[in-house]
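Dear colleague,

Please find below the structure that I am handing over to you. My notes on it follow directly after.

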Amino acid sequence: MTPLRYTGTVIFASSCAGCGQPGPSPCRPCRAALAATPTPPAHRGPHGQVIRAALPFDGVVKHLVVALKYRNHRRTADLLAAELVRRLGLDRRGDGSRADRAVDVVTWAPTSGRRAARRGYDQAELLARAVGRRLGVPCRRLLYRHHGEGHQTGRSRWQRLLGPQFRVRPDVAGMRVLLVDDVVTTGATLAAAVTALGHAGIVAVRAVAVAAADHEVAGSGAPILVEQGI
Ligand SMILES: [Zn+2]
């Protein structure tokens, strides 16, 4: 018998985003598995940018991210945002004190319009908004994909490493930005977003992702303004 939950006028069955079992999400075993998952080391983007991910894209984490992305488990964004903030100390300074207003704005690297339109939401935006709420920092859309951006799949490895092209809204110069994404694979998307923000006059960008896929990243180069001043 599937437990039902009454929420106003809608009755729906709840299931765990991690394992699909009927009941709360995440269920106790999935919550324990999440807690036991270690935080991976920092990731490097194709141009040497430092990208921190809170979790490996594996096991229960993979199931949770996929549930958020493809199965409409939108409330999973709050859980993953909490892990992101806590594990990467986004609410702390280097000395451990609370880092209120260490960033001026939280934003995200938008998913291609076609994908987000098909789903009805952009999971990266949901995560960024949940992170912003936790930090008490406004979340604003700063980045737009250039039109004609295709799917990551079907593009060559070289094209994927180059990453998508972003344009930035004009009134962002001088801001300190926390850039949030769901999964970092090659790092190309976040790297391209960081580069675009740097060209637009952002003074500091911290690029973070919920999960990192175990993926060797080719390329080298000097780190650019990631994590400066934060
Ligand atoms: Zn579960």
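Helices and strands are named here as DSSP runs, with helices of at least four residues and strands of at least two, each numbered from the N terminus. In those terms, Pro 26 lies in the loop that runs between strand E2 (10-13) and helix H1 (28-35). Please note that the model is a predicted one.

Overall composition

The protein chain contains 7 helices and 9 strands. Of its 230 residues, 40% are buried. Where contacts join residues at least 6 apart in sequence, 69% of them link residues at least 24 apart.

Helix H5 and its surroundings

I would draw your attention to helix H5 (residues 123-135). H5 comprises 13 residues and spans 18 Å from its first C-alpha to its last, close to the 18 Å expected at 1.5 Å a residue. Is H5 enclosed or open? As 10 of its 13 residues are buried, H5 is largely enclosed by the rest of the structure. Among the buried residues are Gln 123, Leu 126, Leu 127, Ala 130, Val 131 and Leu 135. The cover over the buried residues of H5 includes helix H2 (59-70), H3, strand E5 (105-108), strand E8 (176-184) and strand E9 (204-212). After H5 comes Gly 136, with a positive phi near 70°.

The packing of H3 against H5

Helix H3 (residues 76-87) packs on H5 at an angle of about 60°, and the two axes are 8 Å apart. H3 is therefore oblique to H5. The crossing of H3 past H5 is right-handed. Which residues meet there? From H3 come Ala 77, Asp 78, Leu 80, Ala 81, Ala 82, Leu 84 and Val 85, and from H5 come Gln 123, Leu 126, Leu 127, Ala 130, Val 131, Arg 134 and Leu 135. By type, the residues of this contact are 11 nonpolar, 1 polar and 2 charged. In general terms, residues three or four places apart in an α-helix point the same way, because there are 3.6 residues a turn.

Arg 134 belongs to helix H5. Apart from its neighbours within four places in sequence, Arg 134 contacts Ala 81, Ala 82 and Val 85. The C-alpha atoms of Arg 134 and Asp 78 are separated by 9.0 Å, although these residues are 56 residues apart along the chain.

The segment after E9

Ala 213 sits in the segment that follows E9. With 17 C-beta neighbours inside 10 Å, Ala 213 counts as partly exposed. Residues up to four places away in sequence aside, Ala 213 touches Phe 57, Val 183 and Thr 185. Between Ala 213 and Leu 55, which are 158 residues apart in sequence, the C-alpha to C-alpha distance is 9.1 Å.

Backbone points to check

Most residues other than glycine have a negative phi, and most peptide bonds are trans. Which bond is cis? The peptide bond joining Ser 25 and Pro 26 is cis, with omega about -5°. Asn 72, a residue other than glycine, has a positive phi near 65°. Asn 72 is located in the loop between H2 and H3. Because it has 13 C-beta neighbours inside 10 Å, Asn 72 counts as partly exposed.

Yours sincerely

Technical notes
Residues are numbered from 1 along each chain as its sequence is written. This is a predicted model: local features need pLDDT of at least 70, side-chain atom pairs count only at pLDDT 80 or more; totals for chains, interfaces and linings use all residues. Axes are lines fitted to C-alpha atoms, for helices over the stretch in contact, and angles run from 0 to 180 degrees between N-to-C directions. Angles under 35 degrees count as roughly parallel, over 145 as roughly antiparallel, 65 to 115 as roughly perpendicular and the rest as oblique. A crossing is left-handed if the near helix is turned anticlockwise from the far one by less than a right angle, and right-handed if clockwise. Two residues are in contact if their C-beta atoms, placed from the backbone, lie within 7 Å. Ala, Val, Leu, Ile, Met, Phe, Trp, Tyr, Cys and Pro count as nonpolar, Asp, Glu, Lys and Arg as charged, and the others, Gly among them, as polar. The expected span of a helix is 1.5 Å times one less than its number of residues. A residue is buried if 20 or more other C-beta atoms lie within 10 Å of its own, exposed if 12 or fewer, and partly exposed in between; C-beta atoms are placed from the backbone.
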